[in-house]
Amino acid sequence: MNFNINKCVAVTGHRILPKNFDKERLLEIFNTLINNGYDTFLIGMALGFDTLCFNLLTELKNSYKHIKLVAVVPCKNQDRAFNIKQKEEYKKMIFSADEVIVLNEEYITGCMQERNRFLVDNSSILVAYLTKNNGGTYYTVNYARKKEKEIVILD
């Protein structure tokens, strides 16, 4: 890992996004963070919000050449339950990431939560899309609160 935690942002959010999800608001948040000196983005590589963030940040790299996208993979076979289209997009993202951190060789119980803790522990800000009080995103936001991290919540 070659990044400064104080300039690092992690993202977390639900796998299912509504059709009217405000991508422009998310872009605005990313632009503000980059303009405030944040240059590294940790992404847990899940479907939905993580994928959207990865793609938006990839677009932003055209304007901000210095930013880095770090794929934080809970296990090597994270995409095992993805459909063919999702697997193709996942492989494309892994290939285009500036760094890939794989936490476990295979899926093990708790590896997703381990990934979520890693995201929080290795960043100073968490950008979260949170609309319900359960699941992995809820766990991650609560963990970030316990760690007294700055949290930007989209809802």
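Guide: A disulfide is a pair of cysteine sulfur atoms within 2.5 Å. The model is a predicted one, in which local features need pLDDT of at least 70 and side-chain atom pairs count only at pLDDT 80 or more, while totals for chains, interfaces and linings use all residues. Residues are numbered from 1 along each chain as its sequence is written, and side-chain values use heavy atoms, with hydrogens and water left out.

Visitor: How do you know that the sulfur of Cys53 is too far from the closest cysteine sulfur for a bond?

Guide: The closest cysteine sulfur to that of Cys53 belongs to Cys8 and is 13 Å away, so the pair is too far apart for a bond. Cys111 has its closest cysteine sulfur in Cys75, at 4.1 Å, and this too is too far for a bond because the limit is 2.5 Å. By this rule the count comes to 0 disulfides.

Visitor: Why is Cys111 called buried?

Guide: Buried means under 20% relative accessible area, exposed means over 50%, and partly exposed lies in between, with a 1.4 Å probe and protein chains only. Cys111 has a relative accessible area of 0%, and therefore counts as buried. Cys53, also at 0%, is buried by that rule.

Visitor: Why are Tyr139 and Tyr143 called stacked?

Guide: Their ring centres are 6.5 Å apart and their planes stand at 5°, so the pair is stacked. Both residues lie in helix H5 (residues 135-146), 4 residues apart, about one turn of the helix; helices (H or I, at least four residues) and strands (E, at least two) are DSSP runs, numbered from the N terminus. Tyr139, at 30% relative accessible area, is partly exposed, whereas Tyr143, at 15%, is buried. Elsewhere, ring pairs link Phe21, Phe49 and Tyr129 into a cluster.

Visitor: How do you know that Arg80 lies over the face of Tyr107?

Guide: A charge sits over a ring if NZ of Lys or CZ of Arg is within 6 Å of the ring centre and within 35 degrees of the ring normal. Arg80 is 4.3 Å from the ring centre of Tyr107 and lies over its face.

Visitor: What makes a nonpolar core, and which residues have the most contacts inside the largest one?

Guide: A nonpolar core is a set of buried Ala, Val, Leu, Ile, Met, Phe, Trp, Tyr and Cys residues joined through side-chain atoms within 4.5 Å. The largest has 33 residues, and those with the most contacts inside it are Leu26, Phe49 and Val127. Its largest share, 7 residues, comes from H2. Val127 is placed in strand S5 (residues 125-129) and is buried, at 0% relative accessible area. Contact means heavy atoms within 4.5 Å, and, not counting residues up to four places away in sequence, Val127 touches residues including Val9, Leu26, Phe49 and Leu154. A second, separate core of 16 residues includes Val72, Leu126, Ala128 and Ala144.

Visitor: What joins the side chains of Lys61 and Asp98?

Guide: A polar contact of 2.6 Å joins them. A polar contact is a pair of N or O atoms within 3.5 Å; within protein, one must be able to donate a hydrogen and the other to accept it, and residues adjacent in sequence count only if both atoms are side-chain atoms. Lys61 lies in the loop between H2 and S3.

Visitor: Is Glu148 buried or exposed?

Guide: Glu148 has a relative accessible area of 74%, and is therefore exposed. Glu148 lies in the loop between H5 and strand S6 (150-154), and has a positive phi of about 55° although it is not a glycine.

Conventions: Phe/Tyr/Trp six-rings, centres within 6.5 Å; stacked < 30°, edge-to-face > 60°.
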